Amino acid sequence: MNIPAYCQEDLIRLRQLIALLTVEQYRQPCEWLSQATIGQHIRHILSFYDCVLRQMPKGCICYDQRNRDIRLEHNPSFAIHILEQLLPLLQYYQEDQDLQLTASYAPTMEAQEEAYCSTSYFRELSYCLEHSVHHQALIKIGLREQSLLLLIDEAFGVAAATLRYQTTSNS
């Protein structure tokens, strides 16, 4: 499989989880996550994928300019709708291409200075996938707090390399 296909699997796994959650569960503040909600983590994951897929045709990615649509945090149906828009883009954009990554790492607006580096579409999708798995681990904490772990399998929120390591170390 190629990187876009792995990302598609990732988004499909998220869509399956979102479809199982009630609005209340999706919006429930999690004490163990400083009052963050599952919906906030879903929004964060989707905004990074959206950023890459929408900006990639321009040849430059800037995560600072990602869309932070608050509806994704509060409305699981809207999150599924956005997922359904992202999946065909992953299917359509199957070839790697060179890109430039732009970011500002300055903590204040006054000191804002942009940094640039060369990257590629597949590299940024790889980042989105790893970023998603990291946030899924946090979502798992929220699910645990709500006694909803039965909605996911043990691999949810665990990096592929970790799963492979666990398999070989348990043999």
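**Reading a pocket and the helices around it**

Guide: In this predicted model, the largest pocket has a volume of about 400 Å³.

Visitor: Which residues that line the largest pocket are the closest to its centre?

Guide: Of the 20 lining residues, those closest to the centre are Tyr6, Arg13, Leu129, Val133 and Ala160. The elements that each contribute two or more residues to this lining are α1, α6 and α7 (160-169), and by class the lining holds 11 nonpolar, 3 polar and 6 charged residues.

Visitor: How should I read the angle at which α1 and α6 cross?

Guide: Angles under 35 degrees count as roughly parallel. Here the axes of helix α1 (residues 3-20) and helix α6 (residues 121-145) come within 9 Å and cross at roughly 25°, and the two helices are therefore roughly parallel to each other. Their crossing is left-handed, and the residues that make the contact include Tyr6, Arg13 and Leu17 of α1 together with Phe122, Leu129 and Ile139 of α6. Sorted by class, this contact has 12 nonpolar, 3 polar and 2 charged residues.

Visitor: What is the relation of α1 to α3, roughly parallel or roughly antiparallel?

Guide: Angles over 145 degrees count as roughly antiparallel. The axes of α1 and helix α3 (residues 38-55) come within 12 Å and cross at roughly 150°, so α1 and α3 are roughly antiparallel to each other. The contact is made by Cys7, Asp10, Leu11, Leu14 and Ile18 of α1, which meet Ile42, Ile45, Leu46 and Tyr49 of α3, and these residues divide into 8 nonpolar, no polar and 1 charged. As for handedness, α1 passes α3 in a left-handed crossing.

Key:
Residues numbered from 1 in each chain as written. Predicted model: local features only at pLDDT ≥ 70, side-chain atom pairs only at ≥ 80, totals over all residues. Heavy atoms only, no water. Axes fitted to C-alpha atoms, helices over the stretch in contact; angles between N-to-C directions. Helix = DSSP H or I, 4+ residues; strand = E, 2+ residues; numbered from the N terminus. Parallel < 35°, antiparallel > 145°, perpendicular 65-115°, else oblique. Left-handed = near helix turned anticlockwise from the far one by under 90°. Contact = heavy atoms within 4.5 Å. Nonpolar A, V, L, I, M, F, W, Y, C, P; charged D, E, K, R; others polar. 1 Å grid on protein atoms, 1.4 Å probe; cavity = no way out; pocket = protein on both sides within 12 Å on 5 of 7 lines; lining within 4 Å. Points joined across faces, edges and corners; volume = space filled by probe spheres on them.
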